[in-house]
Amino acid sequence: MRTGLGGATVATAMLLAAGAGGAVAAPAPTEQRHLDWGPCTDLQPRGDEQLECATLTVALDRAQPRGETLDIALSRVPAQGERTDVLLVNPGGPGSPARAWASITAQRLPDDLRQRYDVVSFDPRGVGASTPAVACDPSYFEPVRPDVVPDSYLDQARLLHRAADYARACQQRNGRLLHHMTTVDSAHDIDAVRAALGVEHIDYLGYSYGTYLGGVYATLYPHRLDRLILDSMLDPRKSWYESNLAQSRALDMAAENFFDWIARNHATYGLGTTAEEVAQRYYALRERLERHPIDATIGPTEFDGIFTLVAYTSRYWPRLAGALSAYLVHGDSAALRASHESLGEGPHDDPSYGAYLATQCTDSVWPRDWATWHADAREVHAEAPFLGWNNIWYNAPCKFWEAPSSRWFPIDGSAVSDALLVHATDDGATPVAGAYAMRSRFPNGRLVIEDGGVEHGVALGRNACVDAAVLDYLRSGALPPAGGGAAGADLTCKPAPQPEPEAAAPATARSAATPPSTVAHPAR
């Protein structure tokens with residue numbers, strides 16, 4: 001996720017008082033009740049579907065409805081027949097643009113659902129094409145960055161200085177916007193979108209961080225939801241700081257699955273016959289990069305950025321195993337360089353990273369004393385070296401964030417008539433414990449578990465069992481029987497097959513990256 005009490009924002013305090021199923025504040029007078037759809041000038045459809053774009057103006061601060069406004073950028077794939085339903089999709093984040101997901105999701109729906117559904121997505125406030133958009137300091141990502149695994153207190157001091165500078169740059173460049181970037185703010189925007197679409201109810205599909213956003217919306221506006229699908233769930237019991245510590249451990253276990261897969265395919269990659277041997281070579285290379293970066297560009301932190309993806313989806317296992325093998329076995333760095341260029345972090349990530357922090361740093365309270373961070377970092381790194389320290393520094397600007405933090409919003413789905421929850425047991429980005437915790441918040445929902453699945457984001461993917469449950473629910477509202485699955489699930493599905501190994505291809509043949517099945521970093 002990279003997902004004392006501070007003062008709650010006015011909006012949050014109002015909503016906590018309302019509670020689940022309670023009265024919600026009336027729409028701000030500045031909010032539109034109509035959308036002018038037209039051709040998209042900066043977004044292309046994924047296939048032959050019609051894709052339209054529009055802009056929605058909402059209040060920056062709901063407590064000041066006649067004050068400043070901001071614009072929300074939307075996309076829509078209209079129903080191919082008579083529209084009877086609207087499916088709103090959020091792929092995760094926070095900080096990730098989402099408009100492409102109207103096309104992506106429409107492409108994954110069968111013909112009968114494309115006939116009746118308008119599929120809609122939007123870039124959340126402060127993100128992507130929505131304006132104003134958060135931007136802080138692109139130079140923060142210029143290589144070679146300092147190693148995020150510090151060797152000394154002096155290293156920590158330097159990294160803390162970088163984190164403080166980045167937080168300061170965000171405040172200087174974005175001002176009041178940073179005070180109104182919480183998940184609660186975005187949940188209200190969802191209802192403004194619903195109203196502007198001219199519908200009484202929406203269906204919602206949320207992945208990763210989108211499950212928390214959807215859960216907050218379901219708590220505030222349960223009567224505005226028909227179908228609710230939450231896939232790869234954040235743990236509603238844990239604030240962002242706690243969730244990041246749990247995530248680091250889950251990411252480490254997911255990386256072990258990648259190392260084990262490489263070992264089982266030693267004949268292709270030549271990196272070792274056990275996961276331990278592969279891991280040893282991986283970490284030895286990471287350490288060596290601190291002294292000898294590749295092309296003065298890929299140091300250990302850039303290396304982390306490339307391989308983070310293997311803990312989110314197996315789609316990239318063959319490509320990145322091939323890049324690792326090409327360098328360690330054959331001394332060829334071309335595939336690693338190409339992977340860094342297309343998959344790694346760089347100055348172009350500044351807007352998403354800044355918006356990520358703007359949400360996480362204000363959604364909940366963060367420790368202000370470095371001693372707490374340091375003690376937790378040492379413990380989590382000892383147990384989970386893959387990204388333990390990396391995740392700490394990724395979120396460290398929240399220690400210095402000037403915009404006030406809210407109390408963690410408590411999800412209560414008891415007033416929602418039904419919901420379908422989906423999760424893979426070996427999901428690294430969102431630990432599976434969060435799925436069971438979220439299931440307890442939705443007593444009328446059902447939980448589908450992909451037992452042994454390694455993907456972050458399962459629905460409308462490669463698992464026929466999961467997709468059958470999702471499509472039945474979208475078509476008719478039918479849910480699996482309660483308690484029919486193993487270990488507390490309502491339905492248990494076998495995992496989708498893991499990928500076949502591929503010998504390393506020339507880097508030029510793989511330079512164009514396609515986005516993973518969901519946003520790479522649900523909360524980072």
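# Burial, packing and salt bridges

Q: Is Q156 buried or exposed?
A: The relative accessibility of Q156 is 6%. Buried means under 20% relative accessible area, exposed over 50% and partly exposed in between (1.4 Å probe, protein chains only). Q156 therefore counts as buried.

Q: At which pLDDT do side-chain atom pairs count?
A: Residues are numbered from 1 along each chain as its sequence is written, and side-chain values use heavy atoms, with hydrogens and water left out. This is a predicted model: totals for chains, interfaces and linings use all residues, local features need pLDDT of at least 70, and side-chain atom pairs count only at pLDDT 80 or more.

Q: Which residues are in contact with Q156, leaving aside its neighbours within four places in sequence?
A: Q156 is placed in helix 4; helices (H or I, at least four residues) and strands (E, at least two) are DSSP runs numbered from the N terminus. Contact means heavy atoms within 4.5 Å. With neighbours within four places in sequence set aside, the contacts of Q156 are P150, W370, H374, W389 and W393.

Q: How far apart in space are R168 and P397, C-alpha to C-alpha?
A: R168 also lies in helix 4 and is partly exposed, at a relative accessible area of 40%. In sequence, R168 and P397 are 229 residues apart. Their C-alpha to C-alpha separation in space is 8.7 Å.

Q: How many residues does the largest nonpolar core have?
A: A nonpolar core is a set of buried Ala, Val, Leu, Ile, Met, Phe, Trp, Tyr and Cys residues joined through side-chain atoms within 4.5 Å. In the largest one, L56, Y212, L228, W401, F442 and V470 touch the most other members. Apart from it lies another core of 39 residues, including V278 and F303. The membership of the largest core is 116 residues.

Q: How are helix 13 and helix 15 oriented to each other?
A: Helix 13 (residues 350-363) and helix 15 (residues 388-395) pack with their axes 10 Å apart, at an angle of about 80°. Axes are lines fitted to C-alpha atoms, for helices over the stretch in contact, and angles run from 0 to 180 degrees between N-to-C directions. Angles under 35 degrees count as roughly parallel, over 145 as roughly antiparallel, 65 to 115 as roughly perpendicular and the rest as oblique. Helix 13 and helix 15 are therefore roughly perpendicular.

Q: How many residues apart are R475 and D112?
A: A salt bridge is a side-chain nitrogen of Lys or Arg within 4 Å of a carboxyl oxygen of Asp or Glu. R475 forms one with D112, with the closest N and O atoms 2.6 Å apart. The pair links helix 17 (residues 464-476), which holds R475, to helix 3 (residues 111-116), which holds D112, and the two are 363 residues apart.
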